[in-house]
Amino acid sequence: MRKLLPALLVAGVVMSPALGRAQEPAAPAGQIVGDAPGEAPDATRGTEQAVAEGHGGEAGGEHATPHYPLKKPAELSWTFAGPFGHWDLGQLQRGLKVYKEVCSNCHSMNLVSFRNFSALGYSDEQVRALAAEYQITDPAPNAQGEMFQRAGIPSDRLPSPYPNPEAAAAALGGAHPPDLSLIAKARSVERGFPRFLLDIFPWSQYAEGGPDYIHALLTGYEQAPANVTIQPGTYYNPHFISGPALAMAPPLSDGQVTYDDGAPATMEQYSRDVSAFLMWTAEPHLVERKATGFVVMIFLIGFAIMLYLVKRRVWADTPH
Ligand code: HEC
């Protein structure tokens, strides 16, 4: 066992770049075209990444395949991070406001019901009023067999503004906006060896890749560099996980949403709030899960100590 462990670690170091490349996301929304062979794509990449992967210009005049996202998301500090994390309800309410006023013009959240928002501190009347602002196609037809629209009720899910994904894609540059209910858990950027191992330790417990990614994406739009051609109708964003550009136009700008609690009305603040909100929709019981986990760990540690003492007692009279 003692010899096996270093051997496994060495194998991990050798294998990790190869594994990283094998998992590269497919179907970029645009294409990178270089001026000089082997050099151009790296000019657009974060230096950290180019060094980490160690294949600056690949032999044979071929372009090195760019590794998306071109830039890794910044690690922000979230109230729900770590073993004692908690939700900031004010932040989640602001995030809901940003979702409602901006994102819901394109994105659905069809795993979240209006009544779930009572967990964010809203009263039943407020939830009913919020639901009634939406027009919902009733799941069952009327007596004439026609589908009909009605005002939302608390048990309805947050609807899509488009009748189907194809209609959304046709209206929005060929890509349909994904449902946002679970997006914070569905997107986390690869951390590479050895960070993904360090992330599991209790003092780091990094599990905020999703909100970090969403925040980076929303604030990360840039002018496309001269050596990058992107498809018409897409917007250059080096934080996008599967290509240099995506079909979502920059959705946020300063002053767009009015907050009533005095939080700054800036793009930075909006994107933090909406990312935290999307983490809540993706894992509403995160805080309870962590609290339970903590009690379980205390119990297991106590139980281990007790077992050890019992073992000593039981074997006390047995000569070695
Ligand atoms: C004008 C319509 C529109 C608005 C408004 C909009 N989006 Fe999007 N969004 C899109 C489209 C279209 C895509 C798909 C992009 C693609 O795959 O190229 C998308 C994709 C995304 C993705 C997935 C990116 C990925 O990694 O695949 C996230 C996350 C996202 N949007 C979040 C938001 C948030 C948060 C807001 C509100 C602040 C918002 N969007 C507002 C149209 C919109």
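Predicted model: local features only at pLDDT ≥ 70, side-chain atom pairs only at ≥ 80, totals over all residues.

By class, how many nonpolar, polar and charged residues does the shell around the ligand have?

Modeller: The shell around the ligand is made up of 21 nonpolar residues, 2 polar ones and 1 charged one. Out of these 24 residues, the nearest to the ligand are Cys103, Cys106, Leu246, Ala247 and Met248. Helix α9, which spans residues 209-219, gives the most to the shell, with 3 residues.

Helix α9 also leads us to another part of the picture. The largest nonpolar core contains 38 residues, and Ile214, Val274, Phe277, Leu278 and Met279 have the most contacts inside it. At least two residues of this core come from each of α4, β2 (109-113), α7 (183-186), α9, β8 (245-246) and α10. Of these, α10 gives the most, with 8 residues.

Now let us see how α10 packs against α4. The axes of α4 (residues 89-101) and α10 (residues 267-282) come within 7 Å and cross at roughly 100 degrees. Angles of 65 to 115 degrees count as roughly perpendicular, so that is how α4 and α10 lie to each other. On the α4 side, the residues that meet α10 include Gln91, Arg94 and Val98, while Tyr270, Asp273 and Trp280 are among their counterparts in α10. The residues of this contact divide into 9 nonpolar, 2 polar and 2 charged.

Key:
Residues numbered from 1 in each chain as written. Axes fitted to C-alpha atoms, helices over the stretch in contact; angles between N-to-C directions. Helix = DSSP H or I, 4+ residues; strand = E, 2+ residues; numbered from the N terminus. Parallel < 35°, antiparallel > 145°, perpendicular 65-115°, else oblique. Contact = placed C-beta atoms within 7 Å. Nonpolar A, V, L, I, M, F, W, Y, C, P; charged D, E, K, R; others polar. Near = placed C-beta within 6 Å. Core = buried A, V, L, I, M, F, W, Y, C linked by C-beta atoms within 7 Å. Buried ≥ 20, exposed ≤ 12 C-beta atoms within 10 Å, placed from the backbone.
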